[in-house]
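Dear colleague,

Please find below the structure that I am handing over to you. My notes on what was found in it follow directly after.

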Amino acid sequence: MKLYLSLIAAAALSLAACGEQAAQAPAPAPEQPAAEAPAPAEQPAAEAEAAAPAEQAAAPAEGCSAVIEANDAMQFNTKELTVSSACGKYTVTLKHVGKAPKTAMGHNVVIAKAADVAGVVADSAKAAPEFITVDDARVIAHTAMIGGGEETSVTFETAKLAKGEAYEFFCTFPGHYAMMKGAVKVVD
Ligand SMILES: [Cu+2]
């Protein structure tokens, strides 16, 4: 009887051991998912962290710079630039994604008051080979004239733009203004 009891006790112990093991086994198991969970959790966290500064950076960047593409079909890929006056400086990067040379299909980006555009376009047409009037107070900013495959940029003070005033960006290569222009919107 004693033996039987001790057997039961042993069995109970082993059961308990099993139970412990069973209890322990799930323990590492949850740990693993737990370990895995923090990993994905960390990733989103890292992504969130990355996204947060990225968003913060993108928010000002959105109004502080722009990349405009121009092609051989005499087109810009955007019709509007948004300039945040809070930026202080604004950079326009022009990428000529076409193949035509500058002499045939040159492009630039010029910014002027809408009221000044016609005069700037007319005068620039006579200013070969860059087709931009130099030392022209009406020209708020302008990039270099570039050909296919080239890229250029210009940075200007946002203080040069007044809120409520209408501005345009455009290309001064002769004949291009009709197709290549857009609005410059000034925001806070
Ligand atoms: Cu052009």
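A disulfide is a pair of cysteine sulfur atoms within 2.5 Å. In general terms, a disulfide is a covalent bond between the sulfur atoms of two cysteines. Please keep in mind that the model is a predicted one.

The disulfide

The structure holds 1 disulfide. The link between cysteine 64 and cysteine 87 is left-handed, with -85 degrees about the S-S bond. This pair links distant parts of the chain: cysteine 64 belongs to helix 3 (residues 38–64), whereas cysteine 87 lies in the loop between strand 2 (80–84) and strand 3, and 23 residues separate the two.

The two cysteines fall into separate classes of accessibility. Cysteine 64 has a relative accessible area of 18% and is therefore buried, since buried means under 20%. Cysteine 87 has 22% relative accessibility, so it counts as partly exposed.

The copper site

Which protein atoms are the donors of the copper ion? They are ND1 of His107, SG of Cys171 and ND1 of His176, lying 2.1 to 2.2 Å from the ion. Along the chain, these donors follow the spacing H-x63-C-x4-H. Histidine 107 and cysteine 171 link distant parts of the chain, being 64 residues apart. Histidine 107 is in the loop between helix 4 (102–105) and strand 4 (110–113), while cysteine 171 is in the loop between strand 7 (167–170) and strand 8 (181–187).

Are histidine 107 and cysteine 171 buried or exposed? Both are buried. For cysteine 171, the relative accessible area is 0%, which means that this residue is buried.

Strands of a sheet pair through backbone hydrogen bonds, either parallel or antiparallel. In this structure, 3 strands form an open sheet with mixed pairing, in the order 1-3-6. Strand 1 (65–70) and strand 6 (151–157) are the edge strands, each pairing on one side only. From one strand to the next, the twist averages 20 degrees.

Strand 1 and strand 3 (residues 89–96) run parallel and are joined by 6 bridges. Within this pairing, serine 65 has threonine 91 in strand 3 as its bridge partner.

With kind regards

Methods:
Residues are numbered from 1 along each chain as its sequence is written. This is a predicted model: local features need pLDDT of at least 70, side-chain atom pairs count only at pLDDT 80 or more; totals for chains, interfaces and linings use all residues. Side-chain values use heavy atoms; hydrogens and water are left out. Two strands pair if DSSP finds at least two bridges between them. Helices (H or I, at least four residues) and strands (E, at least two) are DSSP runs, numbered from the N terminus. Axes are lines fitted to C-alpha atoms, for helices over the stretch in contact, and angles run from 0 to 180 degrees between N-to-C directions. Donors are N, O and S atoms within 2.8 Å of the metal (3.2 Å for Na, K and Ca); water is not among the atoms, so sites may look incomplete. Buried means under 20% relative accessible area, exposed over 50%, partly exposed in between (1.4 Å probe, protein chains only).
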